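Open the model in your viewer and keep the selection tool at hand. Each stop below tells you what to select and what is there.

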Amino acid sequence: MKKKILITGAKGFFGTRFIQRYQHEFDILGLDVEQLDITDKPEVDSTFAQFKPDYVIHAAAIAVTDFCNKHPDVAHKVNVGGAINVANACKAQGAKLVFISTEQIFNGNPEAGPYTEQDTPVPDTVYGQNKLEAEHELKSILDEMWVLRFTWLFGLPERHTSINPNVLWNAMQALTNGEVMQERRNEFRGLTYVHELIEQFPKIFTIPYGTYHTGAHNPASRYDIAEHILSELGQTARLAELLEANDAPKTRDVRLDTSKLAAQGVTFTESKLAISKCLREFHFIK
Ligand SMILES: NC(=O)c1ccc[n+]([C@@H]2O[C@H](COP(=O)([O-])OP(=O)(O)OC[C@H]3O[C@@H](n4cnc5c(N)ncnc54)[C@H](OP(=O)(O)O)[C@@H]3O)[C@@H](O)[C@H]2O)c1
């Protein structure tokens, strides 16, 4: 019999692609806020009791940093309260949980990344604070859980999927709209191709429970990445016209050290190469 996966945030950037990829391999119940508001504990309990998932991927969240900062109560209710409801329902049904956290829990750290799982996160946004609080709360509820702290995901629009701002799509939109890209030479983040990450899930379900920094290694700055994308798209001669450096007063480095996950055999293509891979898969380049 197929294993059952319940995924929250099913209409999101990650969820839509995950469901398309695994709809034939797993028995998947994908739910977004219209079908199941994760802040509604009785509904969460009864939905989980009915479906009896083997695995739960908790991808629902309010992940827009500005919105969370402006509406901290709403953000907390969904990002922390909702996650607690999901974890309690997993416990009641004996389901194993993947909780998706974020690199943004390190946004306020005074020291630069790459951060390991041993480093103490200092979040400085409501979103980052919510995710870190949820991590702590969930660990006290459930042992059978993987906490995956994702780096920033990227991908391109596809039929029947949703798209979020991301480094590759933002660059392609700027190019299409004739906008000059303003990028920082002193900002460093891991950038992970969403499909590469999704491909790893069957393996992730077999690794020891725990917290893992998840995604691609990226030595390049945001500016270098933008330059790479434009060059790949045949715009090398127009770089000076299309791209401007817009450095921040302070270097931002929220990269994650992913060696703990790599030791379990879960590895990712370095960000620049992964961007090229994505462009090839979508037939923008050969
Ligand atoms: N994408 C990234 O680069 C990235 C990086 C690090 C971590 N993450 C985490 O990975 C997960 C998936 O990210 P994503 O990019 O797919 O996010 P997304 O596109 O924003 O999807 C999240 C989904 O959750 C839904 N949701 C919001 N409130 C809900 C509620 N009360 N009940 C049920 N569903 C609710 C959202 O609906 P609405 O759109 O209607 O609000 C949205 O469809 C999130 O937990 C995010 O924090 C993402």
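The tour goes from the annotated domain to the cores, then a helix, then the salt bridges.

**Stop 1: the annotated span.** This is a predicted model. Select residues 4-282. UniProt lists them, in an unreviewed entry, as "domain: RmlD-like substrate binding". The span is 42% helix and 17% strand. Its end C-alpha atoms lie 30 Å apart.

**Stop 2: the largest nonpolar core.** Select Phe14, Phe18, Ile57, Phe154, Leu168, Phe201 and Phe205. Of the 54 residues in this core, these touch the most other members. Domain 1 (4-153 + 192-214) and domain 2 (156-189 + 218-252 + 269-281) each supply at least three residues to this core. Now centre on Phe14. Beyond its neighbours within four places in sequence, Phe14 is in contact with Ile7, Ile57, Ala59, Ile100, Phe150, Leu153, Val194, Leu197, Ile198 and Phe201. Another core, of 24 residues, lies apart from this one; Ala60, Val78, Cys90 and Met145 are among its members.

**Stop 3: helix H6.** Select residues 167-177, which form H6. Which residues of H6 are buried? They are Val167, Leu168, Ala171, Met172 and Ala174. These residues lie on the same side of H6, because they cover an arc of only 160° around the axis. On the other side, Thr176 and Asn177 are exposed. Next, show what covers the buried residues of H6: the cover includes strands S6 (152-154), S7 (181-183) and S9 (191-193), along with helices H9 (222-232) and H12 (271-281). Just after H6, stop at Gly178, which takes a positive phi of about 70°.

**Stop 4: salt bridges.** The structure holds 15 of them. Start with Glu25 and Arg21, whose side chains meet at 2.8 Å, N to O. Glu25 is partly exposed at 44% relative accessibility, and Arg21 is partly exposed at 31%.

Move to helix H2 (residues 41-51), where Asp45 and Lys41 sit four residues apart, about one turn of the helix. They form a salt bridge, with the closest N and O atoms 3.1 Å apart.

Now select Asp247 and Arg185, which form a salt bridge at 2.8 Å, N to O. Asp247 lies in the loop between S11 (243-245) and S12 (252-253), and Arg185 in the loop between S7 and S8 (187-188), so the pair ties together parts that are 62 residues apart in sequence. Finish with Glu183, Arg184, Glu187, Arg222 and Arg252: salt bridges that share partners join them into one network.

Key
Residues numbered from 1 in each chain as written. Predicted model: local features only at pLDDT ≥ 70, side-chain atom pairs only at ≥ 80, totals over all residues. Heavy atoms only, no water. UniProt positions renumbered as here; feature names shortened; annotations may be inferred. Helix = DSSP H or I, 4+ residues; strand = E, 2+ residues; numbered from the N terminus. Core = buried A, V, L, I, M, F, W, Y, C linked by side-chain atoms within 4.5 Å. Buried < 20%, exposed > 50% of the residue type's maximum accessible area, 1.4 Å probe, protein only. Domains from an automatic or database assignment. Contact = heavy atoms within 4.5 Å. Arc of directions from axis to C-beta. Salt bridge = Lys/Arg side-chain N within 4 Å of Asp/Glu carboxyl O.
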